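Me: I would like to learn how to read a pocket and a sheet from a set of coordinates. Please take them in turn.

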Amino acid sequence: VSTQSTWDNMVSISNVDEPLDLLRLSLQERIFVKCKFSREIKGRLCAYDIHLNMLLEDAEEKTTTIEKDLSTSQDVVKVKKREFPLLFVRGDGVILVSPPLRHTQ
């Protein structure tokens, strides 16, 4: 099965006519959101609007920063993780939204 035909099956089964339909079909499911400033969030989608403002439940945020070690002059990657019972994500900071993987028969 080609990748294109698999995608076509997923799209036709899901009745996706517009990009925001993917979010509508992902309500109450865990999604992945990539934001500006190396911020990544996973959480259950409770609500959204046309501006991509989103309300996520049981959210996990991961922020990655690169700092210069002054003694060795090497880059040091630091990852900070936080958890939120409820999180509002402002749409103007969203780069990418990935709905849950949907399997077709």
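Me: Which residues line the largest pocket?

Reply: First, the basis: this is a predicted model, where local features need pLDDT of at least 70, side-chain atom pairs count only at pLDDT 80 or more, and totals for chains, interfaces and linings use all residues. Residues are numbered from 1 along each chain as its sequence is written, and side-chain values use heavy atoms, with hydrogens and water left out. On a 1 Å grid over the protein atoms alone, a pocket is an open set of points where a 1.4 Å probe fits, with protein on both sides within 12 Å along at least five of seven lines; lining residues have an atom within 4 Å of a point. Here the lining consists of F32, E40, I41, K42, E60, E61, K62, K81, R82 and E83.

Me: How many residues of that lining are charged?

Reply: Asp, Glu, Lys and Arg count as charged. The lining has 8 charged residues, 2 nonpolar and no polar.

Me: What is the strand order of the open sheet?

Reply: Strands of a sheet pair through backbone hydrogen bonds, either parallel or antiparallel. A strand is a DSSP run of E, at least two residues, numbered from the N terminus; two strands pair if DSSP finds at least two bridges between them. The 5 strands follow the order β4-β3-β2-β1-β5, with antiparallel pairing. Because β4 (75-89) and β5 (94-98) each have a single partner strand, one side of each lacks a neighbour in the sheet.

Me: How many bridges join β3 to β4?

Reply: There are 14, and T64 stands opposite V79 in β4. β2 and β3 pair over 8 bridges.

Note on methods. Helices (H or I, at least four residues) and strands (E, at least two) are DSSP runs, numbered from the N terminus.
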